[in-house]
Amino acid sequence: MRIGMIGAMDEEIALYLQEMEQRKETVKAGIRFYEGVLNGKTVVLCKSGVGKVNAAVTTQMLIDQFNVEQIIFTGVAGAAHPDLNIGDIVVSTDCLQHDMDVTALGFPAGQIPFAEKSVWEADRQLIDLAVRAGQSLAEDVQVVTGRVLSGDQFIANHDKVEQLFTQFQAHCIEMEGAAVGQVCAMNEVPFVIVRSMSDKADGSAHVNFAEFTELAARRSFAIVQSMLQQL
Ligand code: ADE
């Protein structure tokens with residue numbers, strides 16, 4: 001079983017790189033892939049870069065060229081659900097693109113025109129595994145399941161995040177998950193997104209993101225590491 005693991009930024013993959021054994025590096029399309037062993041499992045780790053296009057290309061390469069059989073996305077997000085605090089964890093039930101907007105032609109917001117689906121469900125087993133792994137975190141960290149919203153926008157506005165929460169029942173907002181989900185669905189590869197909250201996607205998001213990304217990335221890492229032990 002080869003497991004693909006994606007983070008968008010250096011901070012999101014740094015701890016995995018430190019722990020990985022028997023590392024072999026390959027660069028394709030400017031993306032560096034690290035094949036190796038983590039917690040006794042064969043993994044292919046990579047930094048996709050930020051945004052949906054980077055995430056989609058990376059996911060397809062993990063599947064085609066590195067033959068991974070499941071994919072875990074690990075990293076940070078802006079909280080959309082008002083009950084979530086910085087540091088809390090969202091494990092994806094499903095994900096969609098909030099910036100897919102063809103409403104002018106009569107399609108509902110978020111819907112990909114003429115596609116069978118626009119919402120991508122994560123794998124039940126991987127979700128359960130992530131939730132169970134989350135139980136080992138400190139008691140004051142909430143680990144919830146919910147919808148991950150993705151778009152090529154850093155959200156830093158209270159009204160906007162409230163609107164996205166209401167419109168799409170979002171738990172958190174980031175910039176890659178739905179692209180990973182869509183490509184995985186197209187290839188019938190199971191996936192899950194594990195995100196720790198670095199900010200609340202409001203007027204303080206840029207400050208909080210800078211301050212809390214490292215803490216949030218550490219929490220995502222703790223869960224994914226524990227998932228790998230149980231896989
Ligand atoms: N990733 C972390 N915080 C985010 C935000 N506020 N908007 C989009 N992506 C994010």
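Author: Take leucine 96 to begin with: its bridge partner in β7 is valine 119. That pair belongs to a set of three bridges through which β6 (residues 89-97) and β7 (residues 119-121) pair in the antiparallel sense. Note that the model is predicted.

Reader: How much confidence does the predictor attach to the chain, in mean pLDDT?

Author: The mean pLDDT is 96, and 100% of the residues reach 70 or more. For the complex, the predictor gives an ipTM of 0.99 and a pTM of 0.96.

Reader: Is β6 mostly covered or mostly open?

Author: Mostly covered, as seven of its nine residues are buried. Strand β9 (residues 170-174) is also a case of cover, with five of its five residues buried.

Reader: Which strands are joined to β9?

Author: β8 (residues 143-150) is joined to β9 by four bridges, and the two run parallel. In this pairing serine 150 stands opposite glutamate 174. β5 (residues 70-79) is joined to β9 by two bridges and runs antiparallel to it. Glycine 78 pairs there with isoleucine 173.

Reader: Turning to helices, why is α5 described as largely enclosed?

Author: Count its buried residues. Eight of the ten residues of α5 (residues 177-186) are buried, so the helix is largely enclosed by the rest of the structure. The buried ones are Gly177, Ala178, Ala179, Val180, Gly181, Gln182, Val183 and Cys184.

Reader: Which residue other than glycine has a positive phi of about 50°?

Author: The background first: most residues other than glycine have a negative phi, and most peptide bonds are trans. Glutamine 22 is the residue with a positive phi of about 50°. Its place is in strand β2 (residues 21-28). With 9 C-beta neighbours inside 10 Å, glutamine 22 counts as exposed.

Reader: Where is alanine 201 found, and is it buried or exposed?

Author: Alanine 201 is in the loop between β10 and α6, and its phi is also positive, near 55°. With 30 C-beta neighbours inside 10 Å, alanine 201 counts as buried. A further positive phi, near 55°, belongs to glutamate 188, which follows α5.

Reader: How many residues surround the ligand, and which are the closest?

Author: There are 14, and the closest are Gly78, Phe154, Ile155, Ala201 and Ala205. Two of these have come up already: Gly78 is the bridge partner of isoleucine 173, and Ala201 is the loop residue with the positive phi.

Reader: Which elements supply at least two residues of the shell, and what kinds of residue make up the shell?

Author: β5, β9, β10 (191-199) and α6 (205-230) each supply at least two. β5 gives the most, with three residues. By kind, the shell divides into ten nonpolar, two polar and two charged residues.

Reader: Last, what does the radius of gyration of the chain agree with?

Author: With a compact globule. For 231 residues such a globule would have a radius of gyration near 17 Å, and the chain has 16 Å, so the two agree. The C-alpha trace spans about 50 × 40 × 30 Å along its principal axes. The secondary structure comes to six helices and ten strands, and 45% of the residues count as buried. Among contacts between residues at least 6 apart in sequence, 75% join residues at least 24 apart.

Technical notes:
Residues numbered from 1 in each chain as written. Predicted model: local features only at pLDDT ≥ 70, side-chain atom pairs only at ≥ 80, totals over all residues. Buried ≥ 20, exposed ≤ 12 C-beta atoms within 10 Å, placed from the backbone. Pairing = 2+ DSSP bridges. pLDDT = per-residue confidence, 0-100. Near = placed C-beta within 6 Å. Nonpolar A, V, L, I, M, F, W, Y, C, P; charged D, E, K, R; others polar. Rg over C-alpha atoms; globule rule 2.2 N^0.38 Å. Contact = placed C-beta atoms within 7 Å.
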